[in-house]
Amino acid sequence: MEPAIQTGDRRQVLLLVLDGIRPDVMRAAIRDGDAPALGALAGAGEAVWDCASVFPSITPAATAAIATGRPPSGSGIAGHAWYDRREGEMVIYGAKTETVLAGGPIRVFHNHVWRMNRDDLLAPTVFEVLHRQGVEGACVHFPIRRGPYEHPVRMRSVEGYLLGGRLLGRSVEGPREYYLGDLFYSRHTGLNGFMGSGGLHRSIGINDEYAAAVGELLLEEEAEPFTLVYFFQGDQISHREGLAAQRRYVSRLDGYAGRLFAAAGGLDDLLERYAVLVVSDHGHAPLLPRRSHVDLSSGFRGIRTSLGPRASLGPGTDAVAVPNGRAAFLYLRDPELT
Ligand SMILES: [Zn+2]
């Protein structure tokens, strides 16, 4: 059943997704005065500090839950990697948007940008549901963005892939406005290319600074009634540097939120016209030392396990193991095997 839109409140909606930010980290930043914009928002509304993510709490699965309202079993997006029994191959979306898009193998790039939304996502997205009810959307960087409008690839280097590759399509489907760095943009904003945010050292323009700049533009114009702006760099920083770095990054995120609020005429004005939601997709546990990692390659009690990007249930293999952060999927050749 699709959720009904309440007719009593005709405000537009701004949804900010802050990837990987823990509630206690955000709360401490607000308490210490390091997140004044988000603190003011929480003070003007309601803050819920005990939300739980889906399992496994991995970005593709968790963002799919946000965009569809369904757990991984319903969205079809179970993690950043899974094993396709029908095709007999691993499907890897990649865990980190930035690294995938900057230089990931072409198949991972294809899986992340094309396959995940087009082929694997089983449930309608918020953009599709709203469109059917006459409400259009804008999406900045969010990985789950399927919608009724076609967006052509804008980057020449990707167009180059198209000539020789059969994997990448010429366009993707998204909401009426869709932005993903220099790859996809519904209209020229002046924010793209090497003159855009991040200068020469950017990953084809896909970074939080760019998301904030596009978000400002969309809010200044009140471009669409539903606007989703996604900030992913806090997740990567936490993976690499741990929770203290996440805590520092929250101040940066707050600066972006402040800019968005200002672009809409300030928080009070914004809240007159928009319902504003800020959510994270999951948190992070403290980094583990390497010796605490579980070695899946040695198998489980004599089960011959295949592992890695080319893993398959070929001859001599009892199971395929697919790590997803601190969880792993185990696909057994014989379901009776325990
Ligand atoms: Zn995430």
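Reader: Which residues in α11 do Val25, Met26, Ala28 and Ala29 in α1 meet?
Author: This is a predicted model, where local features need pLDDT of at least 70, side-chain atom pairs count only at pLDDT 80 or more, and totals for chains, interfaces and linings use all residues. Residues are numbered from 1 along each chain as its sequence is written. Taking contact as C-beta atoms, placed from the backbone, within 7 Å, the four α1 residues meet Leu243, Gln246, Arg247, Val250 and Ser251.

Reader: How is α1 oriented to α11: parallel, antiparallel, perpendicular or oblique?
Author: Helix α1 (residues 23-31) packs with helix α11 (residues 243-263), their axes (lines fitted to C-alpha atoms over the stretch in contact) 9 Å apart. The angle between α1 and α11 is about 50°. Angles under 35 degrees count as roughly parallel, over 145 as roughly antiparallel and 65 to 115 as roughly perpendicular, so α1 to α11 is oblique.

Reader: Which elements do the buried residues of α9 pack against?
Author: Let's start with the residues themselves: buried ones (20 or more other C-beta atoms within 10 Å) in α9 include Tyr210, Val214, Leu218 and Leu219. Asp208 in α9 is buried too. The partners of the buried α9 residues are β4 (137-140), β7 (177-180), β9 (226-231), α10 (233-241) and α11.

Methods. Axes fitted to C-alpha atoms, helices over the stretch in contact; angles between N-to-C directions. Helix = DSSP H or I, 4+ residues; strand = E, 2+ residues; numbered from the N terminus. Contact = placed C-beta atoms within 7 Å. Buried ≥ 20, exposed ≤ 12 C-beta atoms within 10 Å, placed from the backbone.
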